[in-house]
Amino acid sequence: MTRGQINRLKDQAFAYFGIFCTLIGLVILAFFIGNIFYDGMTRIDWDFLTNLPSRKAEKAGILTAWAGSIWIVIFTFLIVVPLGVAAGIYLEEYGKKSKIAELLEVNISNLAGVPSVIYGLLGLEIFGRLFGMGNSILAGSATLALLVLPIVIVATREALKAVPPSIRAASFGLGATKWQTIWYQVLPASFGGILTGVILAISRAVGETAPLIVIGALAYVPFTPSSPMDEFTVLPIQIFNWISRPQHEFSINAAAAIIVLLLITFVMNGIAVYFRNKWQKKINW
Amino acid sequence: MKKEKIIEGLLKFSALVTILTTVGILYVLLSESISFFSEVSIWEFITDKEWTPLFVNKHFGIMPLVMGTLLTTFIAVAVALPIGITIAIYLSEYAPKKFKKIVKPLLEILAAVPTVVYGFFALMVVTPFLQSFIPGMSGFNSLSAGIVMGIMIIPYVSSLSEDALSAVPKSLRNASYGMGATRLQTAFKVMVPAASSGIIVSVILAFSRAIGETMIVAIAAGQQPRLTANPLVPVETITAYIVQVSLGDVAHGTLEYKTIFAAGITLFIFTFILNNISFYIRKKFKEQYD
């Protein structure tokens, strides 16, 4: 074999290795999920979704867990969307090139790298103790909102950046003020991008476990919350609790609850990808 | 124009919430840690080889937790680094555009799966599988937690590295092809060196992500602080310790309560340094080709 042939052979070999590496992670994940479905699917029925937690595995359900997750999602959404979108607008449309904008930018990229468990410590001391919210839904939501805030801010900025300056110039030319331009022209045009970021942020919040454990969310809550000041549990904490028990029946329960959690996560991510593609196609400036 | 000013003020306040968050994190970590270090010397914290704050015979040496964290992190990066970079090279130099368009969002799924689910995989699937041919492997260990964490952070490495490779000007690649180089030679001798700063950033971020990961290690790596490099025995990471204490009934104001903040600030320092190195590299090498 000549040097050239050897090189071409190596090239070909790497191509196959590349495909192998690309698929290996996905294949393993697919195997994991298949395994979970095999274990957990038999356990999922109406009773499992509507039963309260129980010390007996076969009687235990996830009602309080998913009810708590829904409460958490709603309040996280209510806090993070106005805050994140407003911060994104300020950075992109107002604060550009100022000293403070530079500081904010470095700060936000740093916050995005802070481990989630540290946000838990923040929530425990500030929301839980200083603001007296204890281990309530509100304290949990506020903690998660700060955790996913960078995601919403970055998505908002990207979406606003994609709106061409000519739109703004045209609006100013007709005598609109800066805020009128943003509210009536720029925001509606960037709605799709912002929505995608918000959905991804909420999907991240649904799966978070550690910060909520740190602020004191409980694994065993025998009632569904009826106000934002109530104690709560969420799906991931219920799953963690069941995994931690030695009996095999509880790990079946965990598998069943994981199916529900994965379904929520994948549907939300799917919707986000759908919106991203749809809005990218629709807007042709 | 009063309304305009008020709105701008509100927007600015929202942006400043991010600064308040950072201030809040620093305040919480520092105030409780300072109180902790008034009772336990920093010297003991760094040099003691045991971490037993919850036992009668208390030791406050952070090293076992740091070691557990580094052990799981290095295993994870050892898995994610070769696979992630190979994927990045394959997608940017070999794969057809269509394949790339389908695979990239699919890979992102790996990072979107909740970590508690990965913890379940590590404990219930990977550990029993490894035990079948590694005799003496404990039910809780850093190896399977590390491997599963590595699978999770593959997209962090592959996606950022791929972006870096794509940002290299086409002319470099074409020049290499023009000299008769194969795709493999072009990838490793031209593209990877040209994109090295971006690739390094992706690896640093993967490290940072693995150090801060909590649920996988809390579930699968165990809760026994131990100064060891043996991947087959139970260990405890900094994050897992914080979770362990939070699950129990530790009263506010006690020394045990303060330990989670001392552990937290150690964790924060690690990730803060890594994040800022990556930020610095990104800033410094950004306009190399413009």
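Student: Before I look at how two helices cross, what are the axes, and how do the angles run?
Tutor: Axes are lines fitted to C-alpha atoms, for helices over the stretch in contact, and the angles between N-to-C directions run from 0 to 180 degrees. Please keep in mind that this is a predicted model.

Student: Okay, so at what angle do H4 and H6 of chain B cross?
Tutor: In chain B, the axes of helix H4, residues 97-112, and helix H6, residues 142-166, cross at roughly 135 degrees and come within 7 Å. H4(B) is therefore oblique to H6(B), because angles over 145 would be needed to count as roughly antiparallel.

Student: And which hand does that crossing have?
Tutor: The crossing in which H4(B) passes H6(B) is left-handed.

Student: Which residues make the contact?
Tutor: From H4(B) come B:Leu107, B:Glu108, B:Leu110 and B:Ala111, while H6(B) brings B:Ile151, B:Met152, B:Ile154, B:Pro155, B:Tyr156, B:Ser158 and B:Ser159. Sorted by kind, the residues of this contact are eight nonpolar, two polar and one charged.

Student: Let me step back to chain B as a whole; how many helices and strands are there?
Tutor: Chain B has twelve helices and zero strands, and its C-alpha atoms fill a box of roughly 75 × 70 × 35 Å when this is taken along the principal axes.

Student: How much of chain B is buried?
Tutor: Of its 290 residues, 49% count as buried. If you take the contacts in chain B between residues at least 6 apart in sequence, 74% of them join residues that are at least 24 apart.

Student: What about the largest nonpolar core, and which residues touch the most other members?
Tutor: That core has 173 residues, and A:Ala257 and B:Val148 are the ones that touch the most other members. Helix H3 of chain B, residues 63-94, gives the most to this core, with 17 residues.

Student: What is B:Val148 in contact with, leaving aside its neighbours within four places in sequence?
Tutor: With those neighbours left aside, B:Val148 is in contact with B:Tyr118, B:Phe121, B:Ala122, B:Val126, B:Ile216 and B:Ala220.

Student: Switching topic, how many residues of chain A are in contact with chain B?
Tutor: There are 67 residues of chain A in contact with 64 residues of chain B. On the side of chain A that touches chain B, helix H1 of chain A, residues 3-40, gives the most, with 18 residues.

Student: How do the residues on that side of chain A divide?
Tutor: The side of chain A that touches chain B divides into 43 nonpolar, 19 polar and five charged residues.

Technical notes: Residues numbered from 1 in each chain as written. Chains lettered and ligands numbered in written order. Predicted model: local features only at pLDDT ≥ 70, side-chain atom pairs only at ≥ 80, totals over all residues. Helix = DSSP H or I, 4+ residues; strand = E, 2+ residues; numbered from the N terminus. Parallel < 35°, antiparallel > 145°, perpendicular 65-115°, else oblique. Left-handed = near helix turned anticlockwise from the far one by under 90°. Contact = placed C-beta atoms within 7 Å. Nonpolar A, V, L, I, M, F, W, Y, C, P; charged D, E, K, R; others polar. Core = buried A, V, L, I, M, F, W, Y, C linked by C-beta atoms within 7 Å. Buried ≥ 20, exposed ≤ 12 C-beta atoms within 10 Å, placed from the backbone.
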